[in-house]
Amino acid sequence: MMEETWVVAVRSIIAFLTLIIYTRVLGKQQMGNLTYFDYINGITIGSIAGTFATDLSSKAWIHFVALTIFTIITIIFQYITLKNRTISKLMDSDPTLIIQNGKILEQNLSKMRVKFDELTMMLRQKDVFDITTLDYAILEPDGSLSVVLKPENQPVTAKDMHMHPPKSKLMTEIIIDGLLIKQNLEERNKDINWLSEQLKKQKITIQDIAFAAILPNDKLYVDLFKDKITEKIDMGDYEGPF
Amino acid sequence: MKTRFWLLYVLPICLILVFVAVMASGSFLKKPFGTDDRLLESIQMLEKQVEGKKWTEAKSQINYAMQAWDKIVNRIQFSVERETIYDILGTLARIKGGVAAEDDKAIMEEVYYFYVLWDNLGD
């Protein structure tokens with residue numbers, strides 16, 4: 001007896017796992033850095049995977065082939081645009097200057113089909129509320145805006161102040177869900193004795209800890225499973241039951 | 001390093017190969033694997049029985065064919081179009097009706113349509 005539910009279940013599993021494998025092969029380009037073409041291509045691949053799972057009127061094989069071809073072409077184009085700058089520019093377009101010396105370049109703006117409202121919104125998102133504080137604004141191929149403030153409006157850096165701040169370090173997690181990550185502890189040149197001493201001071205054990213990390217200043221940050229928060233903050237905006 | 005190699009290369013490649021095997025197995029799985037799923041042979045015999053107007057034998061032959069089709073569907077349903085499955089079921093049902101009515105012309109039309117559907121099944 002043919003059971004449609006089973007067929008859809010099997011095809012969904014195949015589509016899901018194939019999509020995981022293919023997206024892993026396609027690489028780790030950040031979502032925010034996708035160009036418009038990458039975005040549309042991603043949607044198309046997702047759509048093919050969707051019909052792969054549910055469209056029983058055609059063979060699963062047909063959708064699998066389409067998914068594979070789309071992935072292969074994307075990889076080929078990724079490789080070509082990596083090696084050939086001209087094709088890369090053709091495919092991904094150029095960044096476009098839309099503000100120069102605080103003046104909006106209307107022609108470039110209309111070429112990119114960006115409205116003034118959208119421009120002011122993007123500026124606000126970049127914390128720019130006064131257009132005259134800008135030297136340049138550039139519309140990137142992924143649709144985001146990059147801004148260069150005039151020198152007098154740029155924030156003061158440690159270098160400007162001739163200061164020598166300590167070298168930057170990272171936060172290193174050493175306990176997750178009550179489990180010690182020895183490798184990370186050693187990475188920060190600490191040992192289990194140092195950790196036990198720190199925990200003893202706070203009268204807690206490793207098993208009580210949900211998350212612990214060594215901060216850039218070498219101090220220990222600890223978050224317990226029991227947070228002991230008495231004052232609850234309500235983030236909801238209506239009284240409803242949920 | 002070894003685990004990473006297995007997880008990143010061997011496992012995905014094996015999965016893709018298994019998926020391809022499942023999806024492309026239709027033309028292999030439609031072939032008979034026992035004595036109760038010889039659909040094509042059964043229809044070919046039915047054709048001869050209808051030509052010889054042996055209606056009693058044709059009746060049991062079409063019943064066998066429909067049961068054989070039920071068995072084959074279980075195997076091929078993951079790799080062939082649902083429409084083709086329904087088309088073949090429809091043809092068998094019409095052949096059964098033709099046998100009941102002892103209408104050899106109608107049966108012959110359906111039998112030849114069945115051969116085309118069977119040839120394309122899983123290809």
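Predicted model: local features only at pLDDT ≥ 70, side-chain atom pairs only at ≥ 80, totals over all residues.

**Stop 1: a sheet in chain A**

Select strands 1 to 4 of chain A. They form an open sheet in the order 2-1-3-4, and the pairing is antiparallel. Now colour strand 2 and strand 4 (145–149) of chain A. These two stand at the edges with a single partner strand each, so one side of each has no neighbour in the sheet.

Zoom in on strand 1 (residues 96–100) of chain A. Four bridges join it to strand 3 (residues 134–139) of chain A, antiparallel. Pick A:Leu97. Opposite, in strand 3 of chain A, stands A:Ile138.

Next, pick A:Ile99. Which residue is its bridge partner in strand 3 of chain A? Select A:Ala137 to see it. A:Ile99 also has a bridge partner in strand 2 of chain A, namely A:Ile104. Strand 2 covers residues 103–104, and two bridges tie it to strand 1 of chain A in an antiparallel run.

Follow the hairpin from strand 1 to strand 2 of chain A. Two residues lie between the strands. Stop at A:Asn101, where phi is positive, near 50°.

**Stop 2: A:Met112 and helix 6 of chain A**

Select A:Met112. You are in the loop between helix 5 (106–111) and helix 6 of chain A. Is A:Met112 buried, exposed or partly exposed? It has 14 C-beta neighbours inside 10 Å, so it counts as partly exposed. Show its contacts beyond four places in sequence: A:Thr96, A:Ile98 and A:Leu139. Then draw a distance from A:Met112 to A:Gly143. The C-alpha atoms are 9.4 Å apart, although 31 residues separate the two in sequence.

Move on to helix 6 (residues 116–125) of chain A. How many of its 10 residues are buried? The number is zero, so this helix lies largely in the open. Select A:Asp127, which follows helix 6 of chain A. Its phi is positive, near 65°.

**Stop 3: another sheet in chain A**

Look at strand 7 (residues 209–214) of chain A beside strand 8 of chain A. Five bridges join the two, and they run antiparallel. Pick A:Phe211. Its bridge partner in strand 8 of chain A is A:Asp223.

**Stop 4: two helices side by side**

Select helix 1 (residues 4–26) and helix 3 (residues 60–83) of chain A. Their axes are 10 Å apart and meet at an angle of about 10°. The two helices are therefore roughly parallel to each other.

Show the side chains in the contact. From helix 1 of chain A, pick A:Arg11, A:Ile14, A:Thr18, A:Tyr22, A:Val25 and A:Leu26. From helix 3 of chain A, pick A:Ala60, A:Phe64, A:Leu67, A:Thr71, A:Thr74 and A:Ile75. Colour by class, and you find eight nonpolar, three polar and one charged.

**Stop 5: the cores**

Go to chain B. The largest nonpolar core has 18 residues, and B:Leu46, B:Ile62 and B:Ala65 touch the most other members. Helix 3 (39–51), helix 4 (55–76), helix 5 (82–101) and helix 6 (104–120) of chain B each give two or more residues to this core.

Centre on B:Ala65. Beyond its neighbours within four places in sequence, it contacts B:Leu39, B:Ser42, B:Ile43, B:Leu46 and B:Leu92.

**Stop 6: where the chains touch**

Show both chains. 17 residues of chain B are in contact with 15 residues of chain A. On the chain B side, helix 1 (2–23), helix 4 and helix 5 each give two or more residues. Helix 1 of chain B gives the largest share, six residues. By class, this side has 11 nonpolar, two polar and four charged residues.

**Last stop: B:Gly122**

Select B:Gly122, in the segment after helix 6 of chain B. It has 20 C-beta neighbours inside 10 Å, so it counts as buried. Among the residues it touches are B:Gly26, B:Lys30 and B:Ile76. Finally, draw a distance to B:Ala24: 7.4 Å from C-alpha to C-alpha, across 98 residues of sequence.

Conventions
Residues numbered from 1 in each chain as written. Chains lettered and ligands numbered in written order. Buried ≥ 20, exposed ≤ 12 C-beta atoms within 10 Å, placed from the backbone. Core = buried A, V, L, I, M, F, W, Y, C linked by C-beta atoms within 7 Å. Contact = placed C-beta atoms within 7 Å. Nonpolar A, V, L, I, M, F, W, Y, C, P; charged D, E, K, R; others polar. Axes fitted to C-alpha atoms, helices over the stretch in contact; angles between N-to-C directions. Parallel < 35°, antiparallel > 145°, perpendicular 65-115°, else oblique. Pairing = 2+ DSSP bridges.
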